[in-house]
Amino acid sequence: MRRRALRAGLLLTALTTLAGCNNSQSVLSPRSEPARDISTLWWWMLLAATIVFVGSLSFIVLAFVLRRRRGAPVIGEREGTLNLVVILFGIAIPLVAVIAVFAVANFVVVASTDARPDRPRDVTVKVVGRQWWWEIDYPGTSAVTANEMHIPVRTHVDVQVRSADVIHSFWVPRLNRKIDLIPGEHNHVGIYADRPGRYEGQCAEYCGLQHANMRLYVIAEPMSRYRAWLRREAAPAAAPTGATAQRGERLFLRNACASCHQIRGTSADGRVGPDLTHLAERSSLAALTISNTPSNLARWVRNPQHIKPGNRMPGLHLGDRDFTDIVTYLRGLR
Amino acid sequence: MAVEAGPNPVQPRSELLERVWTERRGVFGWLTTTDHKRIGILYFVTTILFFAAGGVEAVLMRTQLAKPEGTVLSPEAYDQVFTMHGITMIFFFVIPMTTGAFGNYLLPLMIGARDMAFPRMNALSYWIFLGSGLFVYTSLVIGKAPNAGWFDYVPLGNKTYSPGPNIDFYALGLLFNGISTLLAVINFIVTMFKLRAPGMSLNRMPLFCYAFLAVSFALVFALPPLNTALVFLELDRRIGTHFYDAAQGGDPVLWQHLFWLFGHPEVYIIVLPAFGIATAIIPTFAKRHMVAFPLVALSEVLVAFLGFGVWVHHMFAVGLPTVTTIYFAAASLIIVIPSAVQIFAWITTLVMGRPEFKTPLLFIIGFILWFILGGLSGIMFAAIPFDQQTTDTYFVVAHFHFIIFGAAVFPILGGIYFWFPKLTGRMYHERWGQVSFWVTLVGTGLTFFPMHIVGLLGMPRRQYTYAPDRGWTGLNLLETVGSYILTAGLLIMAANLIWSRFRGPASGPDPFRGDTLEWSIPSPPPAYNFVVIPTVSSAYANWDTEDRAQDVRRAQRGEGLLAAGHETPASTPMDGRFDELLQMPSNSPWPPLLALTLLLVFVFLLTGHVATAIVCGGAAAAVLGAWHWREPEGAA
C-alpha cells in the first residue's frame, strides 16, 4: 500500500516538476504522519474512483456498440427483470465501497489528523488570524512574530488558533489538515514536521479583499536552533546604532507607525499590525506578499496600498529622507 | 407512435377553444399573460440572459487567473464578480431555468392539463423573479455588488467588515427572489397532485414530473432556513441585533448552519430537475421503457429527502466535535445509493435499448459522465480528513462544477435541444448540434478537470491572484483556455438555435417519437394545449397508440371538449380519477402590478426609507385586494 502510494506520488512529483511546479504547499508531498495518511487515502480513493469511472464508461461504450444490433426496435419495450442489474450496480457495489471509505477515513485516518486533547504536545504555538496576516505567539515566552512560524522538527506542536476579526482558516497542507479560525471559538490543530524545511501555508477561508495574500511559512528546524531562535525572538529590540537609524526610530515612534505596531523595548506598543521587534529576521513582508529585501521594504513603507490594495496600513506623508531613515531603522531590527 | 391530431376533422372544435383560450398579442398580452407556456418562454429568455451574465463573469475570472498577478480585475472587482457568478448561476439561472422555464412549459403538457393550478400566481412568480434579478443586478451596475461570496459568511458580511450596501443587495435580493420560487413550487405541487389527466394515477406520472415534485417539496422546506438566516443578517446590519456577533453572545456558526441547511438541499434542487430531463430524454432515444422505473422514482424522492441531513459536510473544518462530523459523513455517503441507482438505471436502459445518439442524448451521455466524475469526487469529501485537507481549495471548485455545470447544465442544454422543436415547431441543425456538444464537452473537461490538480497542489479558492513561483501557472492557463473553448461551444449552440428558429425545417408534432403527452399535440402547442383532455393508462402515454387514437375520435365527436370557458378537469391526488371541473382564471394585469409594488418595497428597504417601504407595502396589499375583488372572469 505504501509502495504504490509512493510510486504514484513519485509519478506526480515528476509530472509536476516537468510542468514547472513547486510542491511547497502541496497536499501530495506530505511531511508528517497525518498529512501522509491523508495523501495515502487520496491515492486509494483515486484508484477506486478510476475503476468505477472506467467501468461506467465501458457500459456506455457497450450501449454505443450495441446500438444497431439485429432486430427492429420495439418502441415501448418492457424492462423484464433488469431491476436486479440496477440493484447490483446501484446499491450492492456502491454500499460496499462506501462503507470501506467510511471506515478507513473516519475511524483510522481521522485518529491521526484530529488534534485530540489526550495526545501530549511538546510545544504550543498561538496563532491569531487578522485581515490579512497571522500573529504568532509563543505562550510562556514574550516572543511574538508574524507570518513566519518556527517549530522544532520531529516534535508534536499544538497550534491554538483564534480570530481577531472575520473567519480565517489555518492550513499548512504538508503538515496536516486545515482548521478554521472562528470569532468566539478556540480551535486547535496538531502539526508535525518529519524533517527540517520551510513549509508554505495559506488562509483557506475567504476573508475579504486580500484573502489571496494571507500566507505564512512554517519553518521547522532542529530543537537547538529552534530554542536559540525563540530566545532571540523573545528578547527586546536592540537599540539602533548610527545616526540614521536613531533618527528613523524617533520618526517611527513619533508618527502613526507606533500606534499600530509593537517594537518591544520601545514605546511602540500598537497591536493592530504585526510585531516588528525582529522584523529584519523575517524573510518576507505583508504575509508573504513580497520578500523582505531593502528595496521591497522601502517600497512597502512608502506605498503599502500599491502592493497590497485594501490592507489596513495607510501610506504616510513623509519626506524622502524620513522614509529612508525609517527603513534603515527597520532593517536593523534583528 | 403518436397519432397526429389531423387539423381537418377537429377544426371547428378547436376554433371554439381557440377563441376561449387565445390571449392578446403584443407587449400588453405578454405583460398580462397567464398561459403557462408564455410564462415558461418569459422565464426561458430571462434566465438565458442571466446565464450570459454569469458566463461573462466566469470568463472574466478565468482571464484574470490565466497568468499570475493578473490585472484584468482589481481585488474588489474580482470579489464582486465571483460572488455575482455564484448568485447568478444558482438563483437566477439554474433554478428558474429548470423550475421556471422547463417546469412551467412542460409539466402541464406532460400531465395533460390546460394550465397550471394557479395561473395568475404563476405569472406573479415570474414578475417577482424578474424584479429580484433586476434588483440584484443594479448593484453590479453601480459597482456595489455583493462581495462576500454567495455563501456570505459572517462576520465578513456584517456591517463592521462590509459597511456598504453590497450585502444588503444580497440579503434583500435573495429574500425577494425566494418569494418567487416559493410561489412557483407550491403551484407545481398542487398542479401535479390535482391536474393530472384522468387515468394518470401517481404511478403513471412521468419520471420527469417526479423529479419536479421532489424538487418542489425540497424547496418548500429549504427556503425557510435561508430566509431566517437572511432576516437575522439584515437585523444585525440594520438595527444592531447580535444574532451572529460572538462578542455579544451571538454565533457566526449559526449562519453557517442555517445557510447550509438551505444550501445543501439546494445542490439536489439544482441537479434533480436535470435527472428529470435525463429520464425524459433517455427512454425516447433508447426507444424503450426506463429500467427500474419505481426504483428511479423512489430514488428521486429519496435524494431530495436525504439532502436535508448532510449540510454539516460543508463545515468539517469548523472545529465541530468528531462525533458530529462522523454522523454527517455517514448521511452524505447514504445519498450515494439513490444517485447510483439512477445512474445505473439510465445506463442499463441505454444498453438494453437501441439508442440513437442524437444531440439531446449526447448531452445526456455527457451529463452521466460528468455526474459520475463529480459524484466520485463528492464521495471523497465524506472522508472527513480528506475533506478537511481539500475543502476551500480548487479541488472543491472542480467537484461542484462537474456537478453544477456537468450534471445540471448539460441536461439543461440537452433539454433545450430536445424540446426546441416542441417550442418552435422547427428542427435544430443536427450536425451543428453535435459539433456544439463536442466543443462544450472538451471545454468543460479542460476548464474544470485541472482544478482538481491545482487544488491538490494547494491553491485555495476565491483568490484574485497568485504568485508566479507557486507552481499553479500552467494549469491555470489550461483552465482559462478551456473556458474559452466552453464559451465557443455554447455560442455555436446559440447560433444553431437562433438560425433554426427562423430557417429550420418544420418538425411536426413528434420528431423524436417521444413517450410523454407533450408529443401528442402540435408544435408549437395551441393555447389550450389539448383539444380533449387525454385519458392515460401508462407512464408512457404517447406510446399508447390506441389511447391517442381514442382522443382523436373523441375530439371528432366533440366529446369532453370543455369549451364553456377556461375549463380543465381536476382529478384525485393519488388515483388520478376525474374529480371536478375547474374554471381557470384568464389573463390579468394584477400580477405584474403586485410584483412592481413589492419591488418598490425592497428598493426602499435597501435605501433605508422604511416609512416609504411601508407605504409601498400598503400599496401591494391594495393591489392584492383588487386582484381578488372579483372572481376570475369566466367563472361559473
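Two strands count as paired here if DSSP finds at least two bridges between them. Helices (H or I, at least four residues) and strands (E, at least two) are themselves DSSP runs, numbered from the N terminus. With that in hand, look at A:Gly129, which stands opposite A:Trp134 in E2(A). Before going on, some bookkeeping: this is a predicted model, where local features need pLDDT of at least 70 and side-chain atom pairs count only at pLDDT 80 or more, while totals for chains, interfaces and linings use all residues. Residues are numbered from 1 along each chain as its sequence is written, and chains are lettered from A and ligands numbered from 1 in the order in which they are written.

Back to chain A. Strand E1 (residues 123-130) and strand E2 (residues 133-137) of chain A run antiparallel, and five bridges join them. In the loop between E1 and E2 sits A:Trp132, and the peptide bond joining A:Gln131 to A:Trp132 is cis, with omega at about -5°. Zoom out and you find an open sheet of five strands in chain A, ordered E3-E2-E1-E5-E8, with mixed pairing. Strand E3 (144-146) and strand E8 (187-191) of chain A are at the edges; each has a single partner strand, so one side of each has no neighbour in the sheet. From one strand to the next, the twist averages 25°.

Now hop over to chain B and its helices. Helix H4 (residues 75-111) of chain B packs against helix H5 (residues 119-141) of chain B at an angle of about 165°, and their axes are 12 Å apart. Those axes are lines fitted to C-alpha atoms, for helices over the stretch in contact, and angles run from 0 to 180 degrees between N-to-C directions. H4(B) and H5(B) are therefore roughly antiparallel to each other, a label for angles over 145 degrees. Among the residues that meet are B:Met84, B:Phe92 and B:Gly100 in H4(B), and B:Tyr126, B:Phe129 and B:Gly133 in H5(B); contact means that the C-beta atoms, placed from the backbone, lie within 7 Å. By class, this contact of H4(B) with H5(B) has eight nonpolar, five polar and no charged residues. Ala, Val, Leu, Ile, Met, Phe, Trp, Tyr, Cys and Pro count as nonpolar, Asp, Glu, Lys and Arg as charged, and the others, Gly among them, as polar.

How do the chains meet? In all, 77 residues of chain B are in contact with 76 residues of chain A. Elements giving two or more residues to chain B's side include H4, helix H8 (252-286) and helix H12 (359-380) of chain B, but H11(B) gives the most, with twelve residues. That side of chain B divides into 51 nonpolar, 15 polar and eleven charged residues.

Finally, a few spots in the loops of chain B. B:Glu69 lies between helix H3 (36-64) and H4 of chain B, and its phi is near 50°, a positive value in a residue other than glycine. B:Asp152, in the loop between H5 and helix H6 (166-194) of chain B, also isn't a glycine and has a positive phi of about 45°. Which of these is buried and which exposed? B:Glu69 counts as exposed, with 10 C-beta neighbours inside 10 Å, whereas B:Asp152 is buried, with 25 other C-beta atoms within 10 Å. The cut-offs are 20 or more other C-beta atoms within 10 Å for buried, 12 or fewer for exposed, and partly exposed in between, with C-beta atoms placed from the backbone.

Note on methods
Angles under 35 degrees count as roughly parallel, over 145 as roughly antiparallel, 65 to 115 as roughly perpendicular and the rest as oblique. Two residues are in contact if their C-beta atoms, placed from the backbone, lie within 7 Å.
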